[in-house]
Amino acid sequence: MDPYSAESELINIQNHFYQGQYSAVIDYDISSLSPENHTAAQVLVLRAKIAQGDASDVVSEVEGAAEPELAAVGALATYELGETEEAVKVVEKLAEEAGDNATVQVLGGIVLQREGRSEDALNLLGKHEGSLEAVALIVQIHLTQNRNDLALKEVNAARRWAQDSLLVNLAESWVGIRLGGEKYQQAFYVFEELAQAPSTSSVRSLVSQAVAELHLGRLEEAESAIEQAIKTEPKYADAIANFLVLSVVSGKDPKEIAQKLKQVDPEHAFLVDLEEKSSLFDKAAAKYSAKASS
């Protein structure tokens, strides 16, 4: 059974994690959980700490741990600290020695994907046996590859056995945002429900709601949701990046927001992609530059 399934005693802490409520995960009392679920819960707490920017503390906590789950967490934390080569080596060793471990599959898949090794990540994640998180990551990778068909196929397959799981609903919504049309509205309903309920709201669900609103052409509503997210977490780079996009779409000057994003996260994927496209444009434009005739 997937340790993060709805039938598990981990359902509450798991939902907090996937809703982006990392503080609630860290504060969760895992001492009352059964021994067989304690490590899985500990992994979620440590991952929440990494998400909150405490990767160095996590490395110290798991140093010397024998469990492959904790070693995988350590690799992810190490990668977050910029020691990418060392992290990848640990993941490769874990994949070889404990490739059937669900946590190794997921966290190893994350590291490999971030390293640009999508196929290796998919191969590792593909070994899962009913892991919803592995399914969600496979969907994300297919979307980055612009393989909407494979992402949708993965979601539809998971829907048959996971039914109304939060992760399946989220994955289906990610695909819906990519497919467009009436799928925008369906995705909006999922994100809005999460963002507006006090028990499930987080800056991440607010940004997701804003993205759906933006696709639906509801710019004022999108701006309200993003501003609320930034007010809650001023240095959340994804909120700032989407605020930048919204500003451009709305015809506003994006320079100040772009500068803020560079200060918060100079290596943010949006900025890297923008720089690459600007460079390609300059190279293309140079081929057609006016030449003086003699």
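Leaving aside neighbours within four places in sequence, with which residues is Leu152 in contact? In the predicted model described here, Leu152 lies in helix H10, and, once neighbours within four places in sequence are set aside, Leu152 is in contact with Val175 and Leu179. The residue is partly exposed, with a relative accessible area of 31%, a value that lies between the 20% under which a residue is buried and the 50% over which a residue is exposed.

At the level of the whole chain, the protein has 17 helices and zero strands. Its radius of gyration is 21 Å, close to the 19 Å that the globule rule gives for 294 residues, so the protein is as compact as a globular protein of that length. Along the principal axes, the C-alpha atoms fill a box of roughly 80 × 45 × 35 Å. Buried residues account for 44% of the 294 residues, and of the contacts with a separation of 6 or more, 49% are between residues 24 or more positions apart. The protein exposes about 15800 Å², of which carbon and sulfur atoms supply 49%.

The largest nonpolar core has 35 residues, and those with the most contacts inside it are Ile13, Phe17, Val25 and Val139. At least two residues of this core are supplied by each of the helices H1 (11-18), H2 (22-26), H3 (35-51), H9 (132-144), H10 (148-162), H11 (166-179) and H12 (182-196), with H11 giving the largest share, seven residues. A second, separate core comprises 32 residues and includes Val91, Ala98, Leu107 and Ala121. As for Val139, its contacts, leaving aside neighbours within four places in sequence, are with Ala151, Glu154, Val155, Ala171, Trp174 and Val175; Val175 is also in contact with Leu152.

Because ten of the 13 residues are buried, H7 is largely enclosed by the rest of the structure. The buried positions are Thr103, Val104, Gln105, Val106, Leu107, Gly108, Gly109, Ile110, Val111 and Leu112, and among these Leu107 belongs to the second core. The elements that cover the buried residues of H7 include H3, helix H5 (68-80), helix H6 (84-98), helix H8 (118-125) and H9. At the start of the helix, a side-chain oxygen of Asn101 reaches to within 2.9 Å of the backbone nitrogen of Thr103, whereas after H7 comes Gly116, whose phi is positive, near 85 degrees.

The side chain of Ser205 reaches the backbone oxygen of Ser202 at 2.9 Å. Leaving aside neighbours within four places in sequence, Ser205 is in contact with Phe191, Leu194, Ala195 and Thr200.

Conventions
Residues are numbered from 1 along each chain as its sequence is written. This is a predicted model: local features need pLDDT of at least 70, side-chain atom pairs count only at pLDDT 80 or more; totals for chains, interfaces and linings use all residues. Side-chain values use heavy atoms; hydrogens and water are left out. A nonpolar core is a set of buried Ala, Val, Leu, Ile, Met, Phe, Trp, Tyr and Cys residues joined through side-chain atoms within 4.5 Å. Buried means under 20% relative accessible area, exposed over 50%, partly exposed in between (1.4 Å probe, protein chains only). Helices (H or I, at least four residues) and strands (E, at least two) are DSSP runs, numbered from the N terminus. Contact means heavy atoms within 4.5 Å. A polar contact is a pair of N or O atoms within 3.5 Å; within protein, one must be able to donate a hydrogen and the other to accept it, and residues adjacent in sequence count only if both atoms are side-chain atoms. The radius of gyration is taken over C-alpha atoms; the globule rule is 2.2 Å times the number of residues to the power 0.38. Accessible areas come from the Shrake-Rupley method with a 1.4 Å probe; for residues, only the protein chains shown count as cover.
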